[in-house]
Amino acid sequence: MRFEHPNLLWLLLVVPPALALFFWWREGSRQKLLAQFIEARLLSTLTVGISPQRQKIRFTFLILASVFLIFALAGPQYGFDLEEVEEHGLDIVVAVDTSKSMLAQDIAPDRLERAKLAALELMEDAKSDRLGLVAFAGQAFLECPLTVDDTAFEQSVQALDVNSVSEGGTGIANAINTALTAFKEGGHYRTLVLLTDGEDNVNEAAALEAAKDAGKAGMKIFTVGIGTAEGALIHITGPDGNSDYVRDSDGNVVKTHLNEPLLRQIAGLSGGFYLPLRGADTMDILYDRGLAPLPKSQGVGRMIRRYHERYQWPLGIALLLLLAEMFLPERTKAKGQTATPQPATYAFHAASGPVEASAASPPPVPPVLNVPPATVVMLLAFLWLPMAAAASPSSALREYYSGNYTNALDEYSTLAETQTNDIRLIFNAGDAAYRMTNFDLAQDLFQQVTLSPDANLQQMAYYNLGNTQFQMAKQSEDLDGLLSGFETAEKSYQRSVDLNTNDTDAAYNLAFTKDAVERIKAFRAMLLRAKGEADMDVRLAEFHRALTIMAPLQSKLQNTVAAKQFEDFTKRLKQIDDISTPHSR
């Protein structure tokens, strides 16, 4: 429950007490006037039948009616529909340098933290734009795809640290190339905001060539320099807790500097410009002068909540109270008269069933009431409606348990369109789509359910979303796609565990996925090192070490997930290992 105008609720502290005070003053004034103009011996005769108790009830009705009228004016809202609206905005990828040189403290608190703050400042300016995030050091990874979800982007930025990318160094070319892959739609304008100190110790020529190619591909690069030209030493804390500075292979302390000439060249080759991060308005200047004038992309979708207005209920109650006050007489029946029996009133309470993960439960059948025939006809008409609506969820549930997932998906989807305030139906549709191995549709549906205000349902949605993303990763055709899919699933499992720390299944899947991600990263790092070695003996030795990593992983994943993905890799590694180290006979 929420209110569109919550400030009006402050009237509850003013209007009802004021009315109560007015009625108290009015009654006191009335008694004084009666005593003033009517003799005491006639007063009891003239006021016979007037019930002070009924007067108090009428006053209470009026005060309660004012309370419910205030609630109606405040605009109560309950339930919502997810609606996609089209907006016009830019597609912006933000690339943040997470190498160890970003730990330098020549700007407070350090370069990396200041770069993260700059990325969040840009998010505040880019309200209608889609934002993506790339973290780079020796390699680059897409941490957050292009999205209009500011919360997802902010969480991805806050999670960045110097361990986000395992391979050390700074490869700006990798960041530019990875950013290009984030743009899926061909007709959208491409922009990259590069937050770095510009110290490319991998290959500066490659960075310039990548910027030139990006410009030809239609991507503008805006570079933001983090740090100072004077530079600073890189302060780190070792595993033992002792503080030291980063040193080179000879043991000399390394001093890092801002490389402004390189950043100016990169921006110039792609049609952008360079800005040093100085003061509090650097990102505002970047957006206003560089990004805002660019042509906007058409049809950028954003899911918004359309809340259901529920003012009718408090307004209806207020009108009933006013009618009751009007028709409740002040006088009671005189003695000796036959009193007309008062009709019995019945209070109806909406019963809410428990939230189920497998299917939305139908509402319970209301009890039979002993009421007049005309009322029975009306009640039967109203009671039939929820029972008729419950028939379709029951049918969908039967289809689901019978293994007819296609029919179950169709019925749940139809129900979700008509009963838009019950987000459990979307959850059930996603479950049916998952059973059909329609993982793309299941992912979309579970992502909608993660917006549910129900924490339990949200936790289950994140768990199922992680399972779906894991299955999608299994279908990847290359190692990078598999790793990216596993990392995405890991984040969903993590959110599920955060919402319910007692979910052992989610905790197990999270630990399993983390282990698989670490093994894949280690395996890929060995392949990259081996690829650069010229000595065949060293190359074979590296592949033997890779086999020692992949063999347990292949065995662990066998008959579960991604076994086929690693099968060819493991077989080839074993063939090379058998040639280099033949078995003794």
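I began with the largest nonpolar core, which has 57 residues, and Ile92, Val94, Val193, Leu195 and Leu291 have the most contacts inside it. A nonpolar core here is a set of buried Ala, Val, Leu, Ile, Met, Phe, Trp, Tyr and Cys residues joined through side-chain atoms within 4.5 Å; buried is under 20% relative accessible area, exposed over 50%, partly exposed in between (1.4 Å probe, protein chains only). Apart from it lies another core of 24 residues, including Ala140, Leu180, Ala211 and Ala214.

The model is predicted, with local features needing pLDDT of at least 70 and side-chain atom pairs pLDDT 80 or more, while totals for chains, interfaces and linings use all residues. Residues are numbered from 1 along each chain as its sequence is written, and side-chain values use heavy atoms, without hydrogens and water.

I then looked up Val94: leaving aside neighbours within four places in sequence, its contacts (heavy atoms within 4.5 Å) are Ala119, Leu122, Gly132, Leu133, Val134, Phe153, Val193 and Leu195.

Next came Asp110, in the loop between strand 3 (91–97) and helix 4 (111–125); helices (H or I, at least four residues) and strands (E, at least two) are DSSP runs, numbered from the N terminus. Is Asp110 buried or exposed? Asp110 counts as buried because its relative accessibility is 14%. Not counting residues up to four places away in sequence, I found Asp110 touching Met102, Leu103, Ala104 and Gln105.
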